[in-house]
Each structure stands twice: as structure tokens, then as C-alpha cells.
Amino acid sequence: MRWLPRTYLALVYLLLYVPIIVLVVFSFNDSRTGYSWGGLSLRWYESLFNNHAMVQAMWNSLWLALTAATVSTLIGALTALALHRYRFRGKKVLNGMLFVVMMSPEIVLAISLLGLFLLLGLKLGYVSLLLAHVTFCLPFVVITVMARLAGFDERLPEAARDLGASDFTMTRTVLIPVIMPALMAGWMLGFTLSMDDVVVSTFVSGPSYEILPLRIYSMVRVGLKPEVNALGTLLLVFSLVMLMFSHWILSRSKQ
Amino acid sequence: MMLSIRQQPFRAAVLVLVWGWLLFLVLAPNLLVVGTSVMTRNPGTFISMPLNLDAYRQLFNPLYLEVFIHSLYMAAMTTLVCLLIGYPFAWALSRVEKRRQMLLIFLLIVPFWTNSLVRTYALKLILATNGLLNQGLMSLGIIDEPAQLLYTEGAVIVGLVYLLLPFMILPLYSVFDDLRQDVLLASHDLGAGRFATFKNVIVPLTLPGVLAGVMLVLLPAMGLFFVPDILGGSRNLLVGNVIKNQFLDARNWPFGAAASIMLTVAMALLMFAHRLSKRRLGEEGA
């Protein structure tokens with residue numbers, strides 16, 4: 001009976017990957033209808049890159065993801081350090097708020113931020129998207145960094161303090177190098193979450209700053225668009241490279 | 001020992017930044033939602049005085065109640081299917097050699113790192129009337145004419161399962177990974193059969209994982225409005241579609257806010273159940 005669990009695993013993996021394989025194969029399909037095979041072709045990649053609005057949305061998304069990941073890594077790392085090192089009033093409340101962000105349905109976060117931005121009179125666009133994306137990436141960075149700090153020898157920062165280092169110097173020379181791999185992993189997680197987000201972005205983006213997921217969303221709601229196959233394949237390759245890179249960093253740091 | 005700001009400027013700066021961000025972008029917006037839900041709808045300014053509970057009353061309007069119940073049904077089915085697929089999957093995964101497990105988990109999260117809209121769209125290629133599944137079934141002679149697969153309740157459930165399955169599997173895998181073989185052996189030595197061991201040992205020990213998985217699947221399954229938009233047609237809406245509609249199209253903010261508070265309350269209840277199950281397990285173990 002040893003083959004049974006393995007066959008089952010293989011079957012579920014097959015189901016998980018069939019849609020992705022179909023997508024990749026059909027991105028090279030010459031046929032216009034999108035359902036039957038019409039020979040190999042790169043025409044959808046071509047039409048993708050000739051679509052000016054699409055390329056603009058791609059750059060917008062990349063820039064948003066880069067900045068959102070960077071800001072959330074900075075704030076997330078500081079939050080994790082504060083939670084790990086400092087004793088302060090309301091620590092539980094802080095922890096609780098992070099937990100709420102992570103667990104609450106995305107759509108709840110989305111409408112709450114929309115309400116805030118409209119109340120403040122903030123024009124919906126890059127800034128509102130950035131604030132929102134940093135907020136939903138934050139808890140994931142905090143958790144990644146906290147996990148790294150959990151296995152950390154507490155005598156190192158104490159030694160640094162005894163040798164006369166200030167809090168800032170100690171953080172810079174002792175703690176930051178230790179949490180570096182977690183920072184990079186957290187950054188990449190944030191980058192991917194930002195690139196993938198549809199729910200929150202639908203609410204807090206405006207016409208002045210169109211991003212990729214929303215562009216895809218408006219395309220796939222009606223009918224089939226073969227360009228989406230090509231775009232999906234590119235995104236897949238991109239996230240695979242990112243994922244392997246982050247695995248490589250984490251496994252290297254463990255040795 | 002409390003140190004003053006002057007003695008620890010770095011600490012003070014960090015705490016101000018972190019607290020500021022969370023109070024401003026988490027606490028304040030959430031309080032705003034609560035406030036919005038008890039105000040009056042206003043087409044011009046979105047909301048206005050006076051305060052009332054109309055929005056909550058509207059939740060029980062038969063028209064919306066039907067949508068909510070249908071959404072809950074689809075989310076529950078999604079959760080059930082995820083559990084039925086995920087439970088044996090996590091079990092089997094935890095029994096594979098450790099070295100291979102890492103690779104298999106990697107393969108499990110690769111789709112999760114791929115754009116979820118694109119993956120939902122890929123399902124459309126397969127489920128469409130002249131899509132691959134219908135073509136395959138027809139060429140095998142199982143059906144004579146294409147079946148309506150897209151724009152059905154089933155299509156929405158398939159889409160949700162596809163997107164959310166890893167969130168069920170990962171917490172289950174973590175409890176199965178902690179499940180020690182000697183506990184199972186002990187049960188066997190005490191004369192329990194396979195079924196008795198499953199019922200009395202494995203199920204209680206993996207229950208927190210089940211509840212964590214349910215928590216991570218059930219609520220998102222009510223909020224992912226783009227899945228019905230792409231796969232479900234206009235009759236298979238989720239609570240998320242209703243909320244989005246109220247905020248972006250119908251402009252009834254109090255009602256949208258009340259519906260989202262309903263989701264938050266449901267989440268809090270599930271989290272409470274999860275905690276309770278963990279605590280009970282802890283007491284029994286001690």
C-alpha cells in the first residue's frame with residue numbers, strides 16, 4: 001500500500017499544475033480563438049509589448065512593488081526589533097494590530113483604507129496604493145524577522161552594550177547583519193504580495209496610476225484574451241526566479 | 001527601569017514610527033468602518049448623520065440574506081473540498097522522506113507565488129463551453145455536446161479551491177509533521193485498530209491544524225470577489241462582491257461597512273474557536 005499515498009500526492013500536484021501548464025502552452029499558440037491549437041507563435045508576446053497601456057501598467061506595478069517592499073521591510077524590521085528587544089506599554093496591543101491586519105479579510109482592509117483616504121482628501125493614486133500595500137505587507141515582514149530573532153544569542157547585543165556601543169550602533173553592527181537573510185526574504189515576500197494584489201488595489205487606486213493586476217482584471221472579466229496567457233507566463237517565470245533566489249539566500253544563511 | 005527619550009533616541013524613534021503607522025493605517029481606518037456602518041447613506045458625501053442601525057437591518061433583507069447564505073454555502077463547500085483533499089495530502093506529505101519534503105512544499109507554494117488572477121483566468125481556458133475539459137470529454141465520447149461548466153456555482157467553488165488549497169494544506173502539514181510516530185505505535189500496542197487510532201488519536205491531535213486551515217480558507221472564500229466575476233456569472237456572488245458593489249457602484253457605504261463588519265465578527269469567532277481547541281489540547285497533554 002506504499003504506492004497509494006505517493007500516487008495521491010502526484011495526482012493533487014497534477015491538478016495544481018495543469019492550469020498553469022495550459023496557460024504557458026497556450027501563450028505560444030498561434031490560434032486566435034484561444035481554445036484550439038494553431039501552431040507555435042510569439043504573436044501574443046509581441047502584441048503584449050506593443051500595447052502601450054499594458055507596458056505602462058507593468059512599469060507602474062514594478063515600481064509600486066519595489067517601493068512597497070522596501071518601505072515595509074524597513075518598518076517591519078524596526079517593528080520586529082522593537083517587539084523583540086524593548087519592553088514597552090501596549091506591546092500586546094501592537095502585536096494584536098499586526099495580527100488583525102494579517103488575519104482580517106483583505107476586503108475589510110481595503111474598504112477601511114478607502115474610507116481613510118477619502119476622509120483625508122488624499123487623491124487615489126500612487127501614494128494611496130503605496131500606503132495600502134505597505135500596510136498589508138508589514139505583518140509578513142515582522143513575522144519573518146521575528147522568526148530569525150527567536151533563535152538569536154542574546155549575549156551578543158549585551159556584549160556590544162558592555163563594550164560601550166549605543167543602541168543605534170549595536171543595532172547596526174550586531175542585529176542588522178544577523179537578520180539580513182530574513183530582511184531579504186521579507187522583502188521578496190512583500191514584493192510578490194504587492195505584485196499579486198487585486199482586492200485592496202481595486203479600492204485604493206485611481207485612474208492616474210494604473211497597475212498590472214487591475215489591467216489584467218479588466219481584460220479577463222469579458223471573454224478570453226490570449227495576451228493574458230503571455231503575460232501570465234512572464235509573471236510566472238518572474239516569480240519563480242524570485243522564489244528560487246529567496247530560497248537560495250535562506251538556505252545559504254542556514255549553513 | 002524606564003529610560004527617557006534623551007537617553008534612548010533610537011528606541012523612541014522606532015516606537016513612534018511603528019505606533020504611528022499602525023494607529024494611523026490600521027486602528028483609525030477600522031474605527032472608521034465601524035462609524036460608517038451606523039451612519040446614514042448619502043449619495044453626495046457617501047455618509048451623513050443621523051446615527052442609526054438601518055445598515056444592519058438591511059443585512060436581513062431577504063434579497064441580501066439569500067446572497068449571503070449562498071455565499072456562505074459556496075465558502076463552506078470550498079472549505080470542505082479543501083479539507084477532503086488537503087487532509088490526506090498533508091498526511092501523505094508528512095510521511096515522505098525529509099529531504100524530498102522540502103522540494104514538495106516548494107512545489108506547493110510556487111502556484112501561490114503566481115498571480116492569482118492569471119491562475120483564475122487559466123481555469124477559464126479549461127472550463128469554457130468549447131474549453132479543454134469539454135473538448136476532452138467529447139472526444140472520449142463521455143458527453144455528446146458541451147456541458148455548461150463556466151458561470152456556475154461549481155466553477156466558483158473550483159476556482160476558490162484552486163486558489164486556497166495551499167492555505168489548508170500548510171497548517172495541516174505542520175500538525176502532521178509534529179505528530180510523533182511513537183504515539184501511534186503506543187495506540188497500536190494498546191490494542192487500538194487503525195480506525196480507533198485515527199478517531200481517538202490522530203483526529204484530536206490534528207484538530208488545531210484543521211481549524212487553522214478552516215480559518216485561512218473559509219473567510220477569504222467569502223471575500224475573493226474576482227473569482228465569481230471571472231468564473232461565476234451574475235448569480236453566484238460572494239459577500240465580497242456585495243461589499244465591493246456597495247462601495248464602488250451602489251454607493252451605499254453604511255451597508256457595505258455593516259457587511260464587512262459581519263465578516264470581521266465571523267473571523268473573530270473562528271479565531272476564538274481555534275484558540276479554544278489549542279488550549280484544550282494543551283490541558284489534555286499536560
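I began with the largest nonpolar core, which has 177 residues; A:F203, A:I216 and B:F226 have the most contacts inside it. A nonpolar core here is a set of buried Ala, Val, Leu, Ile, Met, Phe, Trp, Tyr and Cys residues joined through side-chain atoms within 4.5 Å. Helix α7 of chain B, residues 153-178, gives the most to this core, with 14 residues.

I noted the conventions. This is a predicted model: local features need pLDDT of at least 70, side-chain atom pairs count only at pLDDT 80 or more, and totals for chains, interfaces and linings use all residues. Residues are numbered from 1 along each chain as its sequence is written, chains are lettered from A and ligands numbered from 1 in the order written, and side-chain values use heavy atoms, without hydrogens and water.

Next I looked up B:F226. Leaving out residues up to four places away in sequence, B:F226 touches A:V198, A:V199 and A:Y217, and also B:S116, B:L117, B:T120 and B:L163. Contact means heavy atoms within 4.5 Å.

Then I turned to chain B as a whole. I found 13 helices and 2 strands (DSSP runs: H or I of at least four residues, E of at least two, numbered from the N terminus). The radius of gyration is 24 Å, well over the 19 Å of the globule rule for 286 residues, so chain B is more spread out than a compact globule. That radius is taken over C-alpha atoms, and the rule is 2.2 Å times the number of residues to the power 0.38. Of the 286 residues, 48% are buried (under 20% relative accessible area, 1.4 Å probe, protein chains only).

Notes: Buried < 20%, exposed > 50% of the residue type's maximum accessible area, 1.4 Å probe, protein only.
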